[in-house]
Amino acid sequence: MLAFSITHFLLVIPALAAPACIPSSPPAPTGAALATSTTGGVDPALVPDFGANPNPNPDGHGNCDGAVKDVTGKFILVPCDCPPPRDLFITDLSANVAAGHCINNTAVSLSFPTSSSKADQITRSQALLDTLQNLRGAGVGCPAVSTTFGVQLQQLTG
Ligand SMILES: *[C@@H]1O[C@H](CO)[C@@H](O)[C@H](O)[C@H]1NC(C)=O
């Protein structure tokens, strides 16, 4: 299941990140080239899709359906501006990885190792969640349930 979705991201994301460039070879080298071209820039192919619900159903109070359902089968509400645009998220993630901690919450260390090992996937998943939850300040950001990142981490840690 997880292996499937990662493969899927590897195939899909580089096409989204670089629409003018159609990879003729496997996308990994393109991502690696991007990753080394900017200081600390993470490989977008290693950043999974947010998994956000495409039908946000604004409630009129600034809240929208998130990406995760509660026990009754209803989407948990999140601020409508969550998650952020993917490109902004990757920029913030890259800045945090370059710094080795959340820029907006220096007590939270993070890293973004690139192998497909389970340990590296877990570390990356934590970096995604830490970045998401400290996007605007210490502990001020988007809730984990505005994405499926938390679900993915749960699947990894089983
Ligand atoms: C830190 O917070 C500022 C102000 O909200 C925001 O503009 C910036 O993108 C954040 N940086 C990171 C790396 O989350």
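The model is predicted, so local features need pLDDT of at least 70 and side-chain atom pairs count only at pLDDT 80 or more, while totals for chains, interfaces and linings use all residues. Residues are numbered from 1 along each chain as its sequence is written.

**Overall fold**

- The protein chain holds 5 helices and 4 strands, where helices (H or I, at least four residues) and strands (E, at least two) are DSSP runs numbered from the N terminus.
- Along the sequence, these elements follow the pattern α-α-β-β-α-β-β-α-α.
- Of the 158 residues of the protein chain, 33% count as buried, a term for residues with 20 or more other C-beta atoms, placed from the backbone, within 10 Å of their own, whereas 12 or fewer count as exposed and values in between as partly exposed.
- Among contacts in the protein chain with a separation of 6 or more, 48% come from residues 24 or more positions apart, two residues being in contact if their C-beta atoms, placed from the backbone, lie within 7 Å.

**Nonpolar core**

- The largest nonpolar core has 27 residues, of which Val42, Val78, Leu93, Val97, Ala127, Leu128 and Leu132 touch the most other members; such a core is a set of buried Ala, Val, Leu, Ile, Met, Phe, Trp, Tyr and Cys residues joined through C-beta atoms within 7 Å.
- At least two residues of this core are supplied by each of β1, β2 (75-79), α3 (86-99) and α4 (118-133), and the largest share, 4 residues, comes from α4.

**Helices α3 and α4**

- The axes of α3 and α4 come within 10 Å and cross at roughly 110 degrees, with axes fitted to C-alpha atoms over the stretch in contact and angles running from 0 to 180 degrees between N-to-C directions.
- That angle makes α3 roughly perpendicular to α4, a label for 65 to 115 degrees.
- Phe89, Asp92, Leu93, Asn96 and Val97 in α3 meet Ala127, Leu128 and Thr131 in α4.

**Asp59**

- Asp59 is found in the loop between α2 (28-37) and β1 (63-69), and it is exposed, with 11 other C-beta atoms within 10 Å.
- Asp59 and Leu77 are 18 residues apart in sequence and, C-alpha to C-alpha, 8.8 Å apart in space.

Notes
Parallel < 35°, antiparallel > 145°, perpendicular 65-115°, else oblique.
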